[in-house]
Amino acid sequence: MIRLVRELYQYRGLLISLVQRELKARYRGSFLGFLWTFLNPTLHMLVYVLLFTVVMKQNIPNFPFFMFTGLLPWIWFSTSVGGGASAISDRRDLLTKVRFPAQVLPTSVVVTNLCNFVLSMPLMLAMGIAYGQWPTWHVVLFPVVVLIQLTFTLALTYILAAINVTFRDLQHIVGNLLTLWFFATPVLYPLSTIQDESFRSLMMALNPMVSLMTSYQAIFYEHRLPDSGPLLALAAVSVVLLWGASSIFESRREEFAESI
């Protein structure tokens with residue numbers, strides 16, 4: 001774990017360069033360019049707002065804002081995991097020509113999407129203000145929740161990227177699993193809508209994203225502190241998972257160049 005942090009810091013120049021290149025290339029040639037950073041989550045939101053306010057009516061106050069508080073971090077997570085799964089196999093040319101820690105590649109995907117997430121936050125805050133939901137002092141815990149999500153996302157992305165080098169079908173399987181995972185996570189609905197308490201507890205135990213989504217909703221929508229128990233448990237699990245994932249990378253580092 002310490003070695004991972006040290007190596008990422010040592011190769012921070014390469015990491016920053018990859019993130020900058022990805023951010024510039026993402027919307028290169030498009031007419032609206034950087035504005036797609038705001039338009040993509042907004043269009044996602046409009047689709048679900050139409051579905052859940054017209055077709056399947058929800059009785060949630062300020063539903064678009066409620067949904068947006070969970071949708072933005074979910075987009076960061078899903079695009080990072082979906083894109084990071086193939087980060088090593090897609091950049092085989094770079095990995096074979098230059099010697100550097102393979103972790104830099106999936107890390108650059110996660111950090112790029114983190115930048116998009118952070119850049120989209122003013123849009124969410126503006127929407128909240130439009131609904132009369134001004135930020136409160138609880139936002140001081142926002143960086144903590146982001147750090148926990150970053151740790152968990154990096155760990156999961158490392159594991160998937162390492163496996164995908166030899167099992168290329170995984171990147172296609174991940175896309176379908178993320179769709180299922182999305183609807184099993186309280187982004188479009190409050191966790192309280194699940195009446196069965198035992199099933200709700202099971203969801204929180206088996207789905208790490210539940211704690212994260214409810215934490216963002218607590219901070220920005222409910223204006224309260226997130227539940228510390230589940231969040232601290234997820235933080236501990238994420239650190240252990242990241243340590244295990246980095247160990248997998250260390251043990252398979254020499255195999256990556258040969259396999260791809």
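How are H4 and H9 oriented to each other, roughly parallel or roughly antiparallel? In this predicted model, the axes of helix H4 (residues 63-84) and helix H9 (residues 170-183) come within 10 Å and cross at roughly 160°. Since angles over 145 degrees count as roughly antiparallel, H4 and H9 are therefore roughly antiparallel to each other. The crossing in which H4 passes H9 is right-handed. On the side of H4, the contact is made by Leu71, Trp74, Phe77, Ser78, Val81 and Gly82, and on the side of H9 by Val174, Leu178, Trp181 and Phe182. Sorted by class, the residues in the contact of H4 with H9 comprise 8 nonpolar and 2 polar ones, with no charged residues.

Helix H4 also takes part in an aromatic pair. The count of aromatic pairs comes to 14, and among them is the pair of Phe66 and Tyr221, which is edge-to-face, with 5.2 Å from centre to centre and 70° between the planes. This pair links distant parts of the chain, given that Phe66 belongs to helix H4 while Tyr221 lies in the loop between H11 and helix H12 (228-259), 155 residues apart.

As to confidence, the protein averages a pLDDT of 82, and 80% of the residues score at least 70. Confidence is highest in helix H11 (residues 208-220), at a mean of 95, and lowest in helix H3 (residues 36-55), at a mean of 64. Where pLDDT is low, the predicted coordinates should not be read in detail.

Methods:
Residues numbered from 1 in each chain as written. Predicted model: local features only at pLDDT ≥ 70, side-chain atom pairs only at ≥ 80, totals over all residues. Heavy atoms only, no water. Axes fitted to C-alpha atoms, helices over the stretch in contact; angles between N-to-C directions. Helix = DSSP H or I, 4+ residues; strand = E, 2+ residues; numbered from the N terminus. Parallel < 35°, antiparallel > 145°, perpendicular 65-115°, else oblique. Left-handed = near helix turned anticlockwise from the far one by under 90°. Contact = heavy atoms within 4.5 Å. Nonpolar A, V, L, I, M, F, W, Y, C, P; charged D, E, K, R; others polar. pLDDT = per-residue confidence, 0-100. Phe/Tyr/Trp six-rings, centres within 6.5 Å; stacked < 30°, edge-to-face > 60°.
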